[in-house]
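This report describes a single chain, with notes on one helix and on the aromatic ring pairs. Please look over the sequence and the model before reading on.

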Amino acid sequence: MARKIKEEEMTEEQRRRAKENALTTKRFYLLIVMLLLIVALVVSSIVLWIITPRPESNTPPSTEGNMFAVETITLEGNTKYLEESVIGESGVLIGQSIFKVKSNAVEEHLLNTFPYYADVDVQTLRMKEVRITVTETDCIGVMYADGHWIPIGGNGKVLDKQPITSDRPKNSLYIKAKAPKDGISVGAQALDEYEASVLGTLLSAINRYALSDVTEINITDMTDIRLVWRSQIEVWLGNTSNLEHEIGVVAATIPKILQSRGEQASGRLNLVSYSSDEAVDKQAVFTPSSLLPTKPTAPRQPAPGEILDTPEEDESEEDSDTPSEEDSEYEEEDSYYEEDPYYEEEDSDYTEEDSYYEEESDYEGDSGE
């Protein structure tokens, strides 16, 4: 049996080799210990994963440990739609990174999805909260198309479709216009750009001159624009020229008609001369219903998507403002233009180039704004 050599008896070479062997042994045991620790860690992780309940697929991620996770989503200004539907449609989730919220994309998507929204603003607050603020449009009136009443928003969109068998929405302005070529669909534009511009001009002027109780606007024919006041007085405006000025004249004229003929006065107010650049004498001519032709005439064919409540008057020469022989008493007995002193040119101080009503005190102030 080999005798163990004492350290003091070892040569220098033997001492070096002994140290190397001892170091190698230590490294081996250390490696074994590390491998055992790694295996224990892996096994414990697997066991922990197995015993932990799995979250449902639609459960949002936890916000714990994520300082930039969305914690709250609020919706302000909404009255037409369910809050859950709007927030769900936004695509924003509790627990997702606040940096993944694309505000512009969310705003555009919600505007395209919900017709009653005129404006959407998405903000991220305190790196934890998403606030969605919406502004809803007003219904400016209703159209008729495809057998439905079509509410129109101030944003120009089709807001809804209601069966024609139902009552027309109360207090709604009836807008007669051509249906879009692509048809009527909820959320789409109800009018083309030109029609929307003309309608906007009319509505703006009606609001400016406080012409309340307008029940119908007809822009089906842009050379023959009409509106109806209280279902009593039909107003002929002619083409698209001078619409704002014409509305001002209407607002100043109707009170005079009611004062002269009573609150129930009905008939036609003709302002077509205002829309003609060639007309020298621009006059607002009122014809009472009793003097309008009563003989039956063929109704005008409705435009696509339009419903005619009553037959239109014949627009031929026989139905012009000049009465026929059988209505010859028009000029002598009941012509509002000839008999009423408001319209007598020889007694007025107003120029031939403009309407009497433009220079009346209750209209002059508005026209100068």
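Does F114 count as buried or exposed? The model is a predicted one, and in it F114 has a relative accessibility of 8%. Buried means under 20%, so F114 counts as buried.

## The chain overall

The chain has 369 residues, and 36% of them are buried. Its secondary structure consists of 8 helices and 12 strands.

Taking contacts between residues at least 6 apart in sequence, 54% join residues at least 24 apart. The chain has an accessible surface of about 22800 Å², and carbon and sulfur atoms account for 52% of that surface.

## Helix α4

Helix α4 runs over residues 193-208. With 16 residues at 1.5 Å a residue, α4 should span 22 Å, and the distance of 22 Å between its end C-alpha atoms agrees with this. Its buried residues are E195, V198, L199, L202, A205 and I206. These residues lie on the same side of α4, because they cover an arc of only 130° around the axis. In an α-helix there are 3.6 residues a turn, so residues three or four places apart point the same way. On the other side of α4, E193 and N207 are exposed.

What do the buried residues of α4 pack against? Their partners are the strands β4 (139-145), β7 (174-176), β8 (214-218), β9 (225-229) and β10 (233-238), together with α5 (243-261).

At the N-terminal end, α4 is capped by D192, which has a side-chain oxygen 3.1 Å from the backbone nitrogen of Y194. Just after α4, A210 adopts a positive phi of about 55°.

## Aromatic pairs

The structure contains 8 aromatic pairs. One of them is the tilted pair of Y81 and F114, with 4.7 Å centre to centre and 55° between the planes. Y81 sits in the loop between β1 (72-76) and α2 (83-90), and F114 in the loop between α3 (103-113) and β2 (117-125), so this pair ties together parts that are 33 residues apart in sequence. Ring pairs also link Y81, F114, Y116 and Y117 into a cluster.

W149 and Y174 form an edge-to-face pair, 5.6 Å centre to centre with 90° between the planes. W149 belongs to strand β5 (residues 148-153) and Y174 to strand β7, so the pair joins parts that are 25 residues apart in sequence. Both W149 and Y174 are buried. Strand β7 is also one of the elements that the buried residues of α4 pack against.

Note on methods: Residues are numbered from 1 along each chain as its sequence is written. This is a predicted model: local features need pLDDT of at least 70, side-chain atom pairs count only at pLDDT 80 or more; totals for chains, interfaces and linings use all residues. Side-chain values use heavy atoms; hydrogens and water are left out. Helices (H or I, at least four residues) and strands (E, at least two) are DSSP runs, numbered from the N terminus. Buried means under 20% relative accessible area, exposed over 50%, partly exposed in between (1.4 Å probe, protein chains only). Contact means heavy atoms within 4.5 Å. Accessible areas come from the Shrake-Rupley method with a 1.4 Å probe; for residues, only the protein chains shown count as cover. The expected span of a helix is 1.5 Å times one less than its number of residues. The arc is that of the directions from the helix axis to the C-beta atoms. A polar contact is a pair of N or O atoms within 3.5 Å; within protein, one must be able to donate a hydrogen and the other to accept it, and residues adjacent in sequence count only if both atoms are side-chain atoms. Rings of Phe, Tyr and Trp (its six-membered ring) pair if their centres lie within 6.5 Å; planes under 30 degrees apart count as stacked, over 60 as edge-to-face and the rest as tilted.
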